[in-house]
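Subject: Two-chain model, handed over with notes

Dear colleague,

I am passing on the structure below, and after it you will find my notes on what turned up when I went through it. Please read them alongside the coordinates.

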Amino acid sequence: MTSSTHPFEQEEVMAYLDGELSANRAASVASHLRECPECAALAEQMRDVSTQLSNWGVEPAPASLTKSLNAARAERAVAKVRKPRGFAGSLDGKFLPVRNRWVWGAASAAALVILLLSIGLPSLRREQHPVGMARQLAYVQQAEIEQKAKNEAAASEAEAFIAQARTSPAPTPEATQPMIARSASVSLIVKDFGPLEASVKAIAQRHNGYIASLNSTSPQDAARALTATLRIPSVQLESAIAELKQLGHVEQESQSGEEVTKEFTDRAARMKNARATEQRLLDVLRNHTGQVKDILATEQEIARVRGDIEQMQADQQALQTRVDFATVELSVQEEYKASLQSAPPSTGRRLRNAAVEGYRSVVESVIGFGVWALQSLPTVLLWGFVLFAPARWLWKRLRRTAVSQS
Amino acid sequence: MTSDEQLILELQQGSEEAFTELFLRYRERVYGFFRRRMNDAAQAEELAQETFLAVLRAAHRYEPRATFRAYLFGIAFNILSAHRRKSGLDSMRIDSAPDEVPDPSGTNPDNVIWVRQAVERLDAPEREVLLLREFEELSYEEIAKILRAPVNTVRSRLFRARMALREILATTPGNLGARK
């Protein structure tokens with residue numbers, strides 16, 4: 001069945017069945033199917049394939065999906081309390097109905113406790129470590145006496161260490177959409193410099209952003225200038241830039257975006273692997289009943305892996321912030337109006353200035369001579385020493401010649 | 001009834017009820033999406049959960065140009081691809097046949113095995129197009145966007161997939177295992 005014998009390709013018949021053709025084309029195909037048994041048979045086979053595929057059902061989604069999703073949403077809500085300035089945090093506020101504000105308060109308190117624990121536990125762990133070692137040493141001494149005894153103390157220490165190591169598991173975010181770290185640069189020239197700083201701050205605040213740095217200069221005989229780095233939620237970047245551009249005449253504007261999806265995904269994968277490694281090490285530690293040096297080595301390895309995980313979490317968080325918040329480099333120059341000098345300096349001032357300049361000139365020339373002398377003297381002495389003998393000899397010979405001629 | 005697209009726009013405005021409604025509408029279909037592509041039911045459940053969390057997290061990125069269904073399954077496909085990349089698997093493969101056959105209500109388990117084995121025998125790109133069309137009910141254009149392929153390519157793959165499946169299903173069920 002080809003277009004030479006049929007007015008429609010087979011794929012077009014299929015597209016007709018899938019409702020993918022335009023109305024006119026679909027009417028033509030439908031008409032052809034009524035007349036062409038071959039194409040009608042193809043259409044029937046297509047329908048039959050779809051019917052047979054519909055036999056492939058799956059079991060209903062487990063009820064735990066709803067529960068686990070709700071739990072994950074609750075965790076997510078609590079986690080976001082720890083990011084008060086984040087754009088996502090401001091979104092969360094919108095997500096909460098008014099009647100649940102007391103829940104939000106409770107979540108904030110829980111987040112505070114988690115924060116305090118996360119700060120306090122690492123130092124606690126460091127302090128408890130020697131205690132754990134001592135207890136394990138005591139166990140080994142006991143084990144040497146009673147070869148068949150179980151290592152209860154070491155087991156309890158291992159449990160304690162496991163409990164500590166599991167204090168701050170962080171969720172691994174998935175980069176499901178392209179992640180773009182956006183940045184922009186805007187240079188403006190403004191006539192009215194006075195309210196500029198307040199305007200820039202207001203724009204950043206209005207767009208749920210903040211000012212990362214701000215530097216303003218006001219030289220006496222030159223135009224005033226302001227440079228600022230603004231962090232604006234990426235979704236509001238365009239509107240924020242539009243407002244900034246209204247502050248004055250745009251001299252230069254540029255925008256760029258860096259895709260960090262791969263970096264984010266790779267790091268998430270590395271974090272997952274590191275967590276799996278940590279879990280295996282914790283299992284080893286939990287079941288270990290051997291030498292204390294092996295236990296200590298395992299603990300050291302766990303601490304190293306945990307450090308790596310925390311470092312990666314911090315980097316991941318920083319990357320997420322770069323994606324969530326675009327960076328805007330703002331540079332503003334005042335339109336310079338040269339002002340007339342109010343009055344020439346007085347004679348006394350001019351004489352004083354001249355005296356100061358004269359003194360400076362003398363000091364500079366003395367220092368300059370000293371510098372020259374220190375730089376050149378060694379060379380002059382060297383060549384003087386080298387050339388003294390031949391010069392003396394030449395001088396004496398010339399004198400003898402002059403005397404003999406006279 | 002409020003449309004899916006209206007609901008996601010309400011979600012953008014912060015409506016929890018809109019998200020709950022979307023979840024109830026698509027819970028089974030998203031779970032089915034993963035379940036048909038992987039053997040491990042627990043893993044399918046986890047990825048379905050991740051998909052809905054991603055919808056929640058990225059709701060502000062939704063633009064009304066696309067249908068919500070295409071947006072949702074686009075996210076699900078990305079999550080599945082990411083999961084398979086991490087697991088070192090081909091991004092379009094189906095896990096090996098399950099030891100325990102799912103218990104689909106109202107369908108004959110023999111047919112389920114038969115159809116599943118037949119689909120597994122298709123080439124991976126053609127199989128993915130077929131699944132997205134038959135079960136997720138996406139248009140050619142929506143499938144093309146998700147797979148980042150031209151629409152004509154999607155149409156050709158779908159046609160080849162259906163033709164191949166017709167041939168495979170025409171054989172007797174008993175021959176499937178022997179031929180595999």
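In chain B of this predicted model, residues 24 or more positions apart account for 61% of the contacts with a separation of 6 or more. The corresponding share in chain A, again among contacts between residues at least 6 apart in sequence, is 75% for residues at least 24 apart. Buried residues make up 38% of the 180 residues in chain B, while 18% of the 406 residues of chain A count as buried.

Chain B is built from nine helices and has zero strands, so that its pattern along the sequence reads α-α-α-α-α-α-α-α-α. One helix pair in it deserves a description of its own. Helix α6 (residues 124-134) of chain B packs against α8(B) at an angle of about 95°, the two axes being 8 Å apart. Because angles of 65 to 115 degrees count as roughly perpendicular, α6(B) is classed as roughly perpendicular to α8(B). On the side of α6(B), the contact is made by B:Pro125, B:Glu126, B:Arg127, B:Val129, B:Leu130 and B:Arg133, and these meet B:Val154, B:Arg157, B:Leu158, B:Arg160, B:Ala161, B:Arg162 and B:Ala164 of α8(B). By class, the residues of this contact of α6(B) with α8(B) comprise seven nonpolar and six charged, with no polar residue among them.

Turning to chain A, you will find twelve helices and five strands. The five strands form an open sheet with mixed pairing, in the order β2-β3-β5-β1-β4, and its edge strands are β2 and β4 (249-259) of chain A, each of which pairs on one side only. From one strand to the next, the twist averages 10°.

Strand β4(A), by contrast, is hardly covered, and the count of buried residues among its eleven residues is zero.

The two chains touch through 46 residues from chain B and 36 residues from chain A.

Finally, some remarks on confidence. The predictor gives the complex an ipTM of 0.83 and a pTM of 0.44. Chain B has a mean pLDDT of 83, and 83% of its residues reach 70 or more, although the pLDDT is below 50 over residues 97-106 of chain B, a stretch with 18 contacts in the model beyond near neighbours in sequence. It also stays under 50 over residues 174-180 of chain B, where the model has six contacts beyond four places in sequence.

Chain A averages a pLDDT of 76, with 71% of its residues scoring at least 70. Among its elements, helix α12 (residues 347-405) of chain A has the highest mean pLDDT (92) and helix α5 (residues 87-95) of chain A the lowest (40). The pLDDT is below 50 over residues 83-101 of chain A, a stretch with 21 contacts beyond near neighbours in sequence, and under 50 again over residues 123-175 of chain A, for which there are 53 contacts beyond four places in sequence. Where pLDDT is low, the predicted coordinates should not be read in detail.

With best regards

Notes
Residues are numbered from 1 along each chain as its sequence is written. Chains are lettered from A and ligands numbered from 1 in the order in which they are written. This is a predicted model: local features need pLDDT of at least 70, side-chain atom pairs count only at pLDDT 80 or more; totals for chains, interfaces and linings use all residues. pLDDT is the predictor's confidence in each residue, from 0 to 100. Helices (H or I, at least four residues) and strands (E, at least two) are DSSP runs, numbered from the N terminus. Two residues are in contact if their C-beta atoms, placed from the backbone, lie within 7 Å. Axes are lines fitted to C-alpha atoms, for helices over the stretch in contact, and angles run from 0 to 180 degrees between N-to-C directions. Angles under 35 degrees count as roughly parallel, over 145 as roughly antiparallel, 65 to 115 as roughly perpendicular and the rest as oblique. Ala, Val, Leu, Ile, Met, Phe, Trp, Tyr, Cys and Pro count as nonpolar, Asp, Glu, Lys and Arg as charged, and the others, Gly among them, as polar. A residue is buried if 20 or more other C-beta atoms lie within 10 Å of its own, exposed if 12 or fewer, and partly exposed in between; C-beta atoms are placed from the backbone. Two strands pair if DSSP finds at least two bridges between them.
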